[in-house]
Amino acid sequence: MERRDSLCVPLQLLGRSEASFPPVELIERVPPGISPLATGYVLLAEKRIVIITSTAAFREARRASERCNSVEAIRDIAGVLAHEEWHLKHGADEAGAYDAQMIALLTAGADANGALFHKVKQVKLVVLAASKRTTTTGVTADGQIVAGGAREGSP
């Protein structure tokens, strides 16, 4: 997947255009202060989504010789985009963001009984259980939601 296609194809799976979506920045590495497992996060003050391109889904999408060979990876990226967009619109609530991600996966053609959908459901349960054990809100001092979207190796 070339850089210019990095967002176009996942957004197409969601039935969206780049013009209808918040700005997205693609970065190679997770910056300090963000979970090393994150595949995306939002910058609330800038109303911008940041997606990590060194994740398994991006690597798989880039390795594919044709777009159709990496549909599951592209679905995964589309789900992360939907998750992070939800955070921009609604705040730090992970339950709602994971619900938006799962709906996006279904919209993009994922099988509700498939591995990708199952991973997102499992990660949602783990994240929600962890959030019950902590008093943090998932937002850093500079307004970044850090618990967003998928995790490396998980959606």
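Student: In which helix does Q101 lie?

Tutor: The model is predicted, so local features need pLDDT of at least 70 and side-chain atom pairs count only at pLDDT 80 or more, while totals for chains, interfaces and linings use all residues. Residues are numbered from 1 along each chain as its sequence is written, and side-chain values use heavy atoms, with hydrogens and water left out.

Q101 lies in α4, a helix of residues 94-107; helices (H or I, at least four residues) and strands (E, at least two) are DSSP runs, numbered from the N terminus. Q101 counts as buried because its relative accessibility is 0%, where buried means under 20% relative accessible area, exposed over 50% and partly exposed in between (1.4 Å probe, protein chains only). The side chain of Q101 also makes a polar contact of 2.9 Å with the side chain of H83. Such a contact is a pair of N or O atoms within 3.5 Å; within protein, one must be able to donate a hydrogen and the other to accept it, and residues adjacent in sequence count only if both atoms are side-chain atoms.

The surroundings include nonpolar cores, that is, sets of buried Ala, Val, Leu, Ile, Met, Phe, Trp, Tyr and Cys residues joined through side-chain atoms within 4.5 Å. In the largest, which has 21 residues, L11, I49, I51, I77 and L81 touch the most other members. Two or more residues each come from α1 (5-13), β3 (48-52), α2 (56-63) and α3 (71-90), and α3 gives the most, with eight. A second, separate core of nine residues includes L105, A110, V120 and V123.
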